[in-house]
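Have the structure open while you read.

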Amino acid sequence: MIVSRGGGRAVLAAVAGFGALALAATACAGQKVAPTGQPTGTDRLQWSHCEEAASPAGFECAKMPVPLDYNKPQGEKLDIALIRVKAKDSAQRLGSLIFNFGGPGGSGVSTLLNAAQAFSALNRRYDLVSFDPRGVDRSSGIKCLDGPQMDRYLANEPGDTAAEEQRLVTDFAKGCERNAKKILPYVGTVNAARDLESLRTALGDPRLNYFGFSYGTHLGSVYATLFPKNVGRMVLDAAVDPKVGMLEMAKTQALGFQKAYEDYLADCAKTTTSCPLGADTTAANDTVLKLLRSVERKPLKVGDREITEDVTRTAIIQALYSKLTWPLLTEALRDAAKKGDARGLLTLADQYGGRRPDGSYATLQFSLPAVLCVDSTDRPTVAQAEALARRMEKRSPIFAPTIVSAGSCSVWPVRGDNAAKHIDASGSNPIVVVGVTNDPATPYQWAPRLARQLRTAVLLTLDGEGHGAYGQSKCIDSAVNAYLLDGKVPTDGLRCPK
């Protein structure tokens, strides 16, 4: 869960991260919890081959009807899109393991299609299941602007005045209201948690086994608060603190990305014979800042698209999610700064924005503010967000402009509610919370805070870089796998090296 799409004006943005997705199967010892039990055989869903053009063999898809408004359970329904790949060892099957890969607004269907192999150790005994939450892509996905409108919106530089910023975010919000008015009040995390309970029931699992990343940690925490006795084995990686306000979230993330950027520059200078951005961190930083100033004055072109300061900043943010993508960032920045070739930057920015090859956008850009704004009554103004951004310029020179996005909810057409901020899973099975010390998107301090709020959690820490720990460390993977597969609760406070 994170920062901006373009200049900080668009919205607080979010993308799940689960490290390098490299897996290890070794286990570590710990306490045991009660087994989750065998499946009941009451799967009520109609599974069939997925319609995705590139859907690999073994994947099945289904739709699950749920109430649009849970206060009117017999009223209008919407369909939640589901995907699964069955356990490889049916004789040792533990049931379903449901994933939310983050956002809010990330597509679980698309992500599991692409990432299932990263969880092969878990797939041996679990059916891997994911879904597009309500308001996301295949589940009545919210649309606010068409592809060309989004291209222009995300490439536009922030306005010179608070009034101009106000107009831009207001126009965006009006587009959401115009195109998705019916579903906007119902896309909050509390309703998504109720959908999780509906899914558990439909799958026939006696308890919910769940793996949440980034925003998925918030969703899992709300579920555990509403249904503590139904929690099976739950892991929350790249933890979010639900109590953080909009301005504080934006400020913390701007600082987090600044720290990750500085670590990236230091790594470039240290690990290459000659960092192509500069001989040392100071020179490399000067190259990047010069590039940003240059494209602010005169954007680079890739075809008919402009690579502005906002697009460049978004590309940098995308690459800072994982240390594995740092070399791609170096190449993209080098080509843009020294050759005027911005194709690498545009590729990174489009990945972050969810832009498809045909020029359309996944719904992340739209469903994300819809969830964030309905989940909170916090409504800082655009002017307040801009003022904070100006105060943060020295501490976070590149990423301070992203703070402007914290004012987006002030013009949102749906009132917010604070129910999703209350977290207390008392009475649940142990919940494993994982944090990374240099996570730029969900800063480490949020992990121990969430663990305390849950009351039933144990905390694991990875001393390292990147958004999400699973797949980055054999130590973390062993602890998580041993819990999910064998019910062995990790030692609270366990720290794993890079």
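Predicted model: local features only at pLDDT ≥ 70, side-chain atom pairs only at ≥ 80, totals over all residues.

## The Cys50–Cys61 link

Cys50 sits in the loop between strand 2 (48-49) and strand 3 (59-67), while Cys61 belongs to strand 3, so the bond ties together parts that are 11 residues apart in sequence.

Are these two cysteines buried or exposed? Cys50 has a relative accessibility of 2%, and since the cut-off for buried is under 20%, Cys50 counts as buried. Cys61 is buried as well, with a relative accessible area of 15%.

## The other disulfides

How many disulfides does the structure hold? There are five. If you count the bonded cysteines along the chain, they pair up as 1-2, 3-4, 5-6, 7-8, 9-10.

One of the five disulfides is formed by Cys268 and Cys275, whose sulfur atoms are 2.0 Å apart. This link is right-handed, with 95° about the S-S bond. Cys268 is buried at a relative accessible area of 4%, and Cys275 is buried with a relative accessibility of 4%.

Then look at Cys373 and Cys409, which form a disulfide with their sulfur atoms 2.0 Å apart. Here the link is left-handed, with -90° about the S-S bond. Cys373 lies in helix 12 (residues 364-374), and Cys409 lies in the loop between helix 13 (382-391) and strand 11 (431-438), so this pair ties together parts that are 36 residues apart in sequence. Cys373 counts as buried at 1% relative accessibility, and Cys409 is buried too, with a relative accessible area of 4%.

## Strand 5 and its partners

Next, find strand 5 (residues 95-100), which is mostly covered: six of its six residues are buried. Which strands does strand 5 pair with? One partner is strand 6 (residues 126-132), in the parallel sense and over five bridges. Another is strand 7 (residues 208-213), again in the parallel sense, over three bridges.

For a couple of landmarks, Phe99 stands opposite Ser130 in strand 6. On the strand 7 side, Ile98 has Tyr210 as its bridge partner. As background for reading such a sheet, side chains in a regular strand alternate between the two faces of the sheet.

## Around Ser428

Now go back to the loop between helix 13 and strand 11, where you will find Ser428. Cys409 lies in that loop too. Ser428 has a relative accessibility of 11%, so Ser428 counts as buried.

What does the side chain of Ser428 meet in a polar contact? The partner is the side chain of Thr456, at 2.8 Å. Leaving aside neighbours within four places in sequence, Ser428 is in contact with Pro228, Val231 and Thr456.

Technical notes:
Residues numbered from 1 in each chain as written. Heavy atoms only, no water. Disulfide = S-S within 2.5 Å. Helix = DSSP H or I, 4+ residues; strand = E, 2+ residues; numbered from the N terminus. Buried < 20%, exposed > 50% of the residue type's maximum accessible area, 1.4 Å probe, protein only. Pairing = 2+ DSSP bridges. Polar contact = N/O pair within 3.5 Å; in protein donor to acceptor, adjacent residues only side chain to side chain. Contact = heavy atoms within 4.5 Å.
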